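Please walk through the fold of this protein, from its secondary structure to its core and its aromatic contacts. State the cut-offs behind each term as it comes up.

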Amino acid sequence: MRNESRPKGWNEKKTNDSWAIFKIMGEFVNGFEKMSRIGPCVSIFGSARTKPDHKYYKLAVEVAEKIADNGYGVITGGGPGIMEAGNRGAHLAGGTSVGLNIELPFEQHDNPYIDSDKSLDFDYFFVRKVMFVKYSQGFVVMPGGFGTLDELFEAITLIQTHKIQKFPIILVGTEFWGGLMDWVKETLLDSFNNISAGDLDLIHLVDTSDEVIEVLNNFYDEYKLSPNF
């Protein structure tokens, strides 16, 4: 046991890194093959710690139901909390319910509302994030922690730098996200000029499920696109 926990030497690290390439490739191939058959969906993000009796869990269920009713599939991180709520709403509406699960030592486990043929498991966060971005028609971001913020800012950065096509990014919950958006505008933009004013147009701040659907449908009406399903 003591030997297993010892720091690895440089040569050992290089060897392990080389073999890891094949596992990473396998995750990409498996992800691309399965997700290409499912097609683009709307991704819902949020905290794994949100309990079923919390207002944001209930709101996420409602949001996902309406997303599915409007012809979009739903992707979540496949775990508990807001992720479970998103899959639950899609399941209740009879829509496509996809879970991209990540193996973690705590918090994360598959929720029971993912379609049986649409559950994928990942070891690597960066592979999983590629699947979210590549197959998303929009990001709906509920209150969450560091992982939620990671997904949010990566998507904004990729759109801002034109590495991916523009899609709607919708923050749900003014009481949660309002302070962050104030900081982005007042500090990043006004005080330090570290972003452009147009970058703020990438983000929509809403409070209701109807507003989420309005943003999604208005975007796809404007660009003359339609839901995948």
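Helices (H or I, at least four residues) and strands (E, at least two) are DSSP runs, numbered from the N terminus. The model is a predicted one, in which local features need pLDDT of at least 70 and side-chain atom pairs count only at pLDDT 80 or more, while totals for chains, interfaces and linings use all residues. Residues are numbered from 1 along each chain as its sequence is written, and side-chain values use heavy atoms, with hydrogens and water left out.

The protein has 7 helices and 7 strands. Read from the N terminus, the order of elements is α-β-α-β-α-β-β-α-β-α-β-α-β-α. Of its 229 residues, 46% are buried, where buried means under 20% relative accessible area, exposed means over 50%, and partly exposed lies in between (1.4 Å probe, protein chains only). A contact is a case of heavy atoms within 4.5 Å. Among contacts between residues at least 6 apart in sequence, 71% join residues at least 24 apart.

One β-α-β unit can be followed in detail. Strand 6 (residues 169-172), helix 6 (residues 174-191) and strand 7 make up this unit, and its crossover is right-handed. That term applies if, with the strands pointing away from the viewer, the path from the first strand over the helix to the second runs clockwise. Strand 6 pairs with strand 7 (residues 203-206) in the parallel sense over 4 bridges; two strands pair if DSSP finds at least two bridges between them. In this pairing I170 stands opposite H204 of strand 7.

I169 belongs to strand 6. Its relative accessible area is 0%, so I169 is buried. Beyond neighbours within four places in sequence, I169 touches F139, L152, A155, I156, I159, L202, I203 and H204. For one of these, L202, the sequence separation from I169 is 33 residues and the C-alpha to C-alpha distance is 6.4 Å.

Next comes the interior. A nonpolar core is a set of buried Ala, Val, Leu, Ile, Met, Phe, Trp, Tyr and Cys residues joined through side-chain atoms within 4.5 Å. The largest such core has 59 residues, and those with the most contacts inside it are M35, I67, L100, F139, V140 and M142. Helix 2 (residues 55-69) gives the most to this core, namely 8 residues.

I67 is placed in helix 2, and I67 counts as buried because its relative accessibility is 0%. Leaving out neighbours within four places in sequence, its contacts are V42, I44, Y72, G73, V74, V140, I213 and L216. The C-alpha atom of I67 is 9.7 Å from that of G86, 19 residues apart along the chain. For M35, with the neighbours within four places again set aside, the contacts are I75, V98, L100, L120, M131 and Y135.

How many aromatic pairs are there? Rings of Phe, Tyr and Trp (its six-membered ring) pair if their centres lie within 6.5 Å; planes under 30 degrees apart count as stacked, over 60 as edge-to-face and the rest as tilted. By this rule the count is 10. F28 and F126 form a tilted pair, because their ring centres are 6.4 Å apart and their planes stand at 55°. This pair links distant parts of the chain, with F28 in helix 1 (residues 10-38) and F126 in helix 4 (residues 125-134), 98 residues apart. F28 is partly exposed at 21% relative accessible area, and F126 is partly exposed at 40%.

F45 and F139 form an edge-to-face pair, with 4.6 Å between centres and 65° between planes. Here too distant parts of the chain are linked: F45 is in strand 1 (residues 41-45) and F139 in strand 5 (residues 136-141), 94 residues apart. Both F45 and F139 are buried.

Ring pairs also join F28, F32, Y124 and F126 into a cluster. K134 lies over the face of F32, 5.7 Å from the ring centre, and its charged end also sits over the ring of Y135, 5.7 Å from that centre. A charge sits over a ring if NZ of Lys or CZ of Arg is within 6 Å of the ring centre and within 35 degrees of the ring normal.

Two backbone details remain. Most residues other than glycine have a negative phi. H162, not a glycine, has a positive phi of about 60°; H162 is in the loop between helix 5 (146-160) and strand 6. N193, also not a glycine, has a positive phi of about 55°, and N193 lies in the loop between helix 6 and strand 7. H162 counts as exposed at 70% relative accessibility, and N193 counts as exposed at 59%.
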